[in-house]
Amino acid sequence: MDAVVVGGGIVGLSSAYSLAQAGADVTLLEKGSLGMGSTARSAGGIRSQFSTRVNVELSVASRAVWDDFAERFGVDIAYRKSGYLFVARTEATAERFREDVAMQNDLGVDTEYLDPAAARERCPGLIDDRFVAATYNGADGFADPNLAVQGYAEAAREAGVDVRTGTAVTDVRTDGDAVTGVDTDDGRIDGTFVVNAAGAWAGEVAELAGVDLPIAPRRRQIAVVEPTQSVPEDVPLTIDLQTGSYFRPERDGAALVGGQFDEADPDVDPDAYSESLDIDWAATAVERAADWTTYFDGDSRIRRGWAGLYAVTPDHHPIVEETRPGLVTAAGFSGHGFQHAPATGQIVAELCVDGAASLVDVDPLSSRRFEDGEALVERNVA
């Protein structure tokens, strides 16, 4: 079986590696450099605290790989388990937290429901009178996305994947209803399967195959801030769900600060957007964080920052399916692609080789959900 993977980010690399491990002859195409799209610009979060079962199941299946990454791939990805802390300002959100924790516990995830005082013990800079409840999981954390790309890329090449960078897909070839390969700026490549793992470009690839998928490229920013009060490295990544504001410790007392504050949240051209930090946005991000923690105030200094892309679907869940015969889609993770890449790659291989996924039931992630009115709701989005 021949497979062509479109996209050299972490999801594409994981898919290519898993397909090769399953015996497929794999070609991976990346029009730029490996991992330099959304993956390189992510915060590297790895967590299990989601509000839908399928996202938690993807996290659990992926965690089995992340926990053993250095042994499997020979690369230390600087995986730090300092935890994630979600905080709630209203009783309605607190009630949803109780439901989320019960569901996560049922799936074997050791998340705790906390009162504000207990949350402040996890995050000493938290202004706890702003909140009514929290959830915490100490096994959550973050890793270096660039090192993870390196590990997967080396393993994929060793498994026999033909990795071609600087190679753009210009068309998707079809025979009747079936996808049979791609055209590139360097020639034609036939394949039993084409895997659309193009991230923010996945909607464009789908259009080449005659498919309309609701995957939109949206710009997101992160600021590296020198806080007024040093953030200890064991403080969890902490998220105020109501405002969307979050921060996590960085090295040497610094912090990463982020959040989505633009209600309009327009689509952007993934080939022509600013990768630079907007100073006005960064000032707003620090101001929002200062409202609910003591780490930041008007004297906090913005060191630097960057912008990247989320591939967003209407319900903040990916599309993982065989969209039409020969075309497998694994895209639209809405900011969660890095952490769910290990499980997704294995599922892609199952869809291509076995005809169905067994690692995780991904039927809820079919694009049919948007037509059938069965879209999921992921509330724990940052």
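Predicted model: local features only at pLDDT ≥ 70, side-chain atom pairs only at ≥ 80, totals over all residues.
Helix 1 covers residues 10-21, and its twelve residues reach 16 Å from the first C-alpha to the last, close to the 16 Å expected at 1.5 Å a residue. Eleven of those twelve residues are buried, so the helix is largely enclosed by the rest of the structure; among the buried positions are Ile 10, Val 11, Leu 13, Tyr 17 and Leu 19, together with Gly 12, Ser 14 and Ala 16. Just after helix 1 comes Gly 23, which takes a positive phi of about 100°.

The loop between strand 6 (133-137) and strand 7 (141-142) holds Asp 140. Because its relative accessibility is 0%, and buried means under 20%, Asp 140 counts as buried.

Another loop, between strand 17 (301-312) and strand 18 (319-324), contains His 317, a residue that is buried with a relative accessible area of 0%. The side chains of His 317 and Thr 52 are joined by a polar contact of 2.8 Å. Leaving aside neighbours within four places in sequence, His 317 is in contact with Thr 52, Val 54 and Asn 55, with Gly 332 and Ser 334, and with Leu 365, Arg 369, Leu 376, Val 377 and Glu 378.

Notes:
Residues numbered from 1 in each chain as written. Heavy atoms only, no water. Helix = DSSP H or I, 4+ residues; strand = E, 2+ residues; numbered from the N terminus. Buried < 20%, exposed > 50% of the residue type's maximum accessible area, 1.4 Å probe, protein only. Polar contact = N/O pair within 3.5 Å; in protein donor to acceptor, adjacent residues only side chain to side chain. Contact = heavy atoms within 4.5 Å. Expected span 1.5 Å × (residues − 1).
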